[in-house]
Every structure is written in C-alpha cells, then in structure tokens.
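The sequence and the structure come next.

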Amino acid sequence: MGQLVSTFQWQTGITATGLTQTIYYLILPWLLVHAAQMISRRRLRLLWPWVVVPATLVFLLTLAVVSLGLFVLIDHPGFPLISALIAALLLAASDPSWSSQLVQRQRSLLVLLEGEGIWVEFFALVGLMVLIKAGSLEELRIAEFALTFTRLLVSSLLLAWLLSYIVRPLIRWNPGLTLPLAYLSFWGAEWALGLPGAAVCLLLVLLSRPQLARGGSQSIEEGARLGADLLVLILGFSLTLSMFTERYWVMLAAIGLCLLARLPVLWATTRGLNHPLTQNSASLWWQLPVHGPVTLALVLSIPVSVTAWWTIQAACYGVILFELLIQRPLAARSVSGS
C-alpha cells in the first residue's frame, strides 16, 4: 500500500512534519511509560552493575563506531558529521521490547535488557535534543556541547525527581492517573522549559512507581502494543524502493557497524567475568535484537529539517528490519530449542 501511494502520487493529506510530531508527542510518551512500568526495580537494584557497565560501554562504542564509520563510508558533503552522530545516537538508544517477549521466564536476562534500555535511552534522548537543535557542528563546539548536554541532563534529572514527590501520592491514590501525568510532564518539559520531555517522562514514571508490579496496567500495555503496531505500519508506508536501490549500502554498513560495536563487549562480558546469567541466557544475550518500538518512534520523529534526514532514516531502517526479520526469528528459534 505504501508503494502504491508513492507510485501513483495519491494525496493522503498527511504531511511529514505532522506525522513526526504526532509520533513524538502522542505515541512515544505511551511507549516510554510502558517501558518504565515493565522493569522490575527489585531485581534492578541487585543487578545494576551488570546493567550499567556493559550498557555504557556498548552505548559509547556504538556512538563512536557508527558515527565515524558512516561518516567515513558515506563521505560526501551532503552527510556531515552531525548527521552521522544523530544516526549513531538513534542506534545507540536500546529498546528491547521485541526481545523481552522471548525471554519472559529468564528474569535476570530480562532485567539486563530492560535496564540497558532505560539507562541508555536517557542519555540518547538528551543528546538528540542537543544535536537536532544545533543544526551543525560548526555552530556547536565541543565545550559548548558538553555544557549544554550536562545542563539538560541535570535539569531533567532534577525536574523528574521534584515532580515525583507530587506525582507519587496521586498515582498511589489513583493508578489510572499514571498516563495523563506522564503526558503532562512530557509536554510541559518540552514546551514550557525546553527540556527533553521524553527523558523527563521516562524518569518520572520510573521514580514514581517504586512498588510497581511487573506487567503494569493492562490498558497501558495494550496501548503500547497498539502504538508499536502503528509504528510498524508507518514504517511500511515510509519505506521506498529507492531507499533499497540507492541506500542499500548505507543499510548494510549500519548493520555491520552496530554488530561490531555490541557483540564483542557482550561476548567478553559473558566469557571473561563472573556474570549472573545461566549459560543459556548468556548465549542469548548477544543474539537478541535491541532496537524496538521506542527506537523506531525516535527514527520516525526526526524533523525533516535535519541534514541528510533520508539517509539517517535509511541507516536506522536497515538495522531495525535486520533485527525484526532476521535476528529476532533466529533468537526465537534458540529460545524454543533451549
């Protein structure tokens, strides 16, 4: 259907700008609430070193390897370094929602995957706001970037922490207020304070539900599943044949660079250290895909004003499609075999 709309140039009335804003301000907050609700905070307290250390290494390596690799491999004036950094940040934002469904019974592995998602998404969301607003690296020096990033990071943490004291008793009184309050914090942080609303929303829900049972509210879970399905549908409409004929090498490069950044760290962690996973869980850890609906929502919500917007989307689409159509079925076969 997407190809028919493109080929026959049917007018749907949907603009790229309106679509990106709808995804960012309506679908993304729901997915973040669900992600924060699903994680087990009790297990996270026990396993946090195994979450933070590998996740940080993978995040930094992905940011460095993917950005430098894409910048060198593409090597043309229309793809500046800041576009490569934006693509790398999008691919460094882990979201194992599609993987967590495969390993529900392997609780320690589940916490490592979901904890990594919470940990690196926060940094990626703040970094994306800085880079997208900068426009070009010529306008943003390293010292200025570090200062702006630190200011937004600390401000988001402080705001979420302060809001949690207001939100926590309201949620305890009526759990149904979780979603409306999360949306209010998202929109207020973005529009009123100029902070990354996604980061504030994610932290606020995580801080406001200390006694949260796994699974959370059924309506939130069903809504997140519907949102993920809508994003996959939008992905199908936004894919074009020219993306595969003109940017297939960008897709292949992004896939290889992501694997190069992630697999060695996790393989070394499971082989060389006294990790808390069973042998089956350890072998699955580096096989599972780590880009899910949140990553897809961020990719689809990139403003069209970003330089090399189409090339950035092509790189991220390649990785997401590879994980969804190839890596996930292989991992599912490994899970069923074990």
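L204 lies in helix α9, which covers residues 197–208. The model is predicted, and the values below are computed from it. With a relative accessible area of 2%, L204 is buried, because the cut-off for that class is under 20%. L204 and V167 are separated by 37 residues in sequence, and their C-alpha atoms are 8.3 Å apart in space.

**Salt bridges**

Side chains of opposite charge can pair when their charged atoms come close. In this model two salt bridges are counted. One joins the side chains of R262 and E116, with 2.7 Å from N to O. This pair links distant parts of the chain, since R262 sits in helix α12 and E116 in helix α6, 146 residues apart. R262 is buried at 7% relative accessibility, and E116 is buried at 6%.

R225 forms a salt bridge with E221, and their closest N and O atoms are 3.6 Å apart. Both residues belong to helix α10; they are four residues apart and therefore separated by about one helical turn. R225 counts as partly exposed, and E221 also counts as partly exposed.

| Residue | Relative accessible area | Class |
|---|---|---|
| R262 | 7% | buried |
| E116 | 6% | buried |
| R225 | 48% | partly exposed |
| E221 | 26% | partly exposed |

The model has four cavities of 30 Å³ or more. The largest cavity holds about 190 Å³ of space. It is lined by 23 residues, of which C258, R262, V290, H291 and E323 are the closest to its centre.

Helix α12 gives the most, with five residues. By class, the lining of the largest cavity consists of 16 nonpolar, four polar and three charged residues.

**Nonpolar surface patch**

On the surface, M1, L4, F8, L226, L230, L233 and F237 form a nonpolar patch, with about 720 Å² of accessible area together. Helix α10, residues 218–238, gives the most to this patch, with four residues. L226 has its place in that helix. At 52% relative accessible area L226 is exposed, because that class begins over 50%.

Notes:
Residues are numbered from 1 along each chain as its sequence is written. This is a predicted model: local features need pLDDT of at least 70, side-chain atom pairs count only at pLDDT 80 or more; totals for chains, interfaces and linings use all residues. Side-chain values use heavy atoms; hydrogens and water are left out. On a 1 Å grid over the protein atoms alone, a cavity is a set of points where a 1.4 Å probe fits but cannot get out, and a pocket is an open set with protein on both sides within 12 Å along at least five of seven lines; lining residues have an atom within 4 Å of a point. Grid points are joined across faces, edges and corners, and a volume is the space filled by probe spheres set on the points. Helices (H or I, at least four residues) and strands (E, at least two) are DSSP runs, numbered from the N terminus. Ala, Val, Leu, Ile, Met, Phe, Trp, Tyr, Cys and Pro count as nonpolar, Asp, Glu, Lys and Arg as charged, and the others, Gly among them, as polar. Patches are made of residues with over 30% relative accessible area and no salt bridge: like charges are joined within 9 Å, nonpolar side chains (Val, Leu, Ile, Met, Phe, Trp, Tyr) within 5 Å. Accessible areas come from the Shrake-Rupley method with a 1.4 Å probe; for residues, only the protein chains shown count as cover. A salt bridge is a side-chain nitrogen of Lys or Arg within 4 Å of a carboxyl oxygen of Asp or Glu. Buried means under 20% relative accessible area, exposed over 50%, partly exposed in between (1.4 Å probe, protein chains only).
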